Amino acid sequence: MPSAAQHELFMQRALKLAAETTALTSPNPKVGCVLVRSSAATDVPKVIGEGAHLYDNFDHAEIVALKQAAQRGLSPKGATAYVTLEPCSHHGRTGPCADALIAVGIARCVVATQDPNPQVSGQGIARLRAAGIEVTVGVLEQRARDLNEAFAHFIQHRTPFVTLKAAISVDGKLAPPPASRFPNQPHWLTGPAARYEVQLLRHASDAVLTGIGTVLADNPQLTDRSGVFGPNNLPRRRPLLRVILDTHLRIPLSSQLVRSAANDLLILCAKTALSAKRTALEEQGAEIAILPDHAGRLSLPAVLTTLGERNILSLLLECGSHLNGSFIRQNLVDKAILLVAETELGEQAIPFAEGIASPYLFEQSLRRVTHVSYGPDAGITGYLHDPWQSTSAPKP
């Protein structure tokens, strides 16, 4: 029987396999599986099959690992299965993985964490145990949960897991005063390492969102440029959806966003927006959706509901001061990532979030805070809601 240290070793491998599928599984979770069996002669556990789930390939991680073992001519009977997420017990696009593991006669199953879906959580584990299979739950659980935080949130709330990303100066400002900036030009606060981290965040997200104010000020692309240090971007199953909140459809047809639209640009507006502008944008390849508004502002809960209906599990906010403040005050941010540059911008500069006194006071409301460095820049990450807790503060 594998030891506790071996449990962690093989689960680390399963987690690595799952992590390598980033942007290739949504709207399904990222799952890895490693099948291990000891030889009669040495009693040393060895990997006989392994794999991870890819949405377009249908097979769940357990099935991929079982097929690999079969291709090698190795029997999984009596083996231990290490799975990063509880084997499914229900019929979806494929049959239940718990049944497949039972059918081949594995001896035990080590599970990092239960399924976050409250309708099926624990049922796969119960089915394995009822078949006489020894089940261990909770090995490297937090790492497994972090890997699927967006899926866990979505499966319980049916709205995206919202991450607010902001690059700020050391004195807590978002950008210089408008009068000191060149129009349609971004102002870079952070260095290359922090900016590359933003590309990795985009790559790991289903959608990125900003407001019309940022579009007019910076003329951004908001694309996944995860290959900035290599010849190709990292692979993804579906394009990064670029979402713009533009109540009155002020976005220029000449903007980088519109000119690069290729079934990946969604502009949300109010019903009062000019129909002629809507037609012109649609002819350029943008998709327009009308949302309810109040006092000239689009409903942010309606934004999240709309994206949830499109199976957007993870949403990255790259907004200006007004939207940052609105999302925070309405309790719609689940996770925050602040990239802090050494630069000072001064008292007249644009604040991090409208109505929020300081990003450092905001940081005090975060839980599970971690600090990293990106060259000269500091990174602060923390959570406002636990995506795995269905009792988290409800969203409006």
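Start by selecting Ala217, which counts as partly exposed because its relative accessibility is 29%; buried means under 20% relative accessible area, exposed over 50%, and partly exposed in between (1.4 Å probe, protein chains only). The model is predicted, so local features need pLDDT of at least 70 and side-chain atom pairs count only at pLDDT 80 or more, while totals for chains, interfaces and linings use all residues. Residues are numbered from 1 along each chain as its sequence is written, and side-chain values use heavy atoms, with hydrogens and water left out.

Ala217 sits in helix H8 (residues 212-218); helices (H or I, at least four residues) and strands (E, at least two) are DSSP runs numbered from the N terminus.

Next, go to Leu222, in the loop between H8 and E9. Leu222 is buried, because its relative accessibility is 3%. Its phi is positive, about 60°, although Leu222 is not a glycine. Most residues other than glycine have a negative phi, and most peptide bonds are trans.

A cis peptide bond, with omega about 15°, joins Ser26 to Pro27. Ala23 is also placed in the loop between H1 and E1, and has a positive phi near 75°.

Now select His53, in the loop between strand E2 (45-52) and helix H2 (61-71). His53 counts as buried because its relative accessibility is 3%. Its side chain makes a polar contact with the side chain of Asn28 (3.1 Å); a polar contact is a pair of N or O atoms within 3.5 Å, where within protein one must be able to donate a hydrogen and the other to accept it, and residues adjacent in sequence count only if both atoms are side-chain atoms. A polar atom of the His53 side chain also lies 3.0 Å from the backbone oxygen of Asp59.

Move to Lys165 in strand E6. Is Lys165 buried or exposed? Lys165 counts as buried, because its relative accessibility is 11%. The side chains of Lys165 and Glu318 make a polar contact (3.5 Å). Leaving aside neighbours within four places in sequence, Lys165 is in contact (heavy atoms within 4.5 Å) with Val198, Leu201, Leu316, Leu317, Glu318, Ile337 and Leu339.

For the largest nonpolar core, select Leu209, Leu245, Leu268, Leu317, Phe327 and Phe352, which touch the most other members among its 39 residues. Such a core is a set of buried Ala, Val, Leu, Ile, Met, Phe, Trp, Tyr and Cys residues joined through side-chain atoms within 4.5 Å. Apart from it lies another core of 25 residues, among them Val208, Ile212, Ile244 and Ile267. Leu268, not counting residues up to four places away in sequence, touches residues including Val243, Leu245, Ala289 and Val303.

Finish at the second largest pocket, with a volume of about 800 Å³. Of its 37 lining residues, select Lys30, Asp146, Leu147, Glu149 and Ala204, the closest to its centre. H7 gives the largest share of the lining, 4 residues.

Technical notes
1 Å grid on protein atoms, 1.4 Å probe; cavity = no way out; pocket = protein on both sides within 12 Å on 5 of 7 lines; lining within 4 Å. Points joined across faces, edges and corners; volume = space filled by probe spheres on them.
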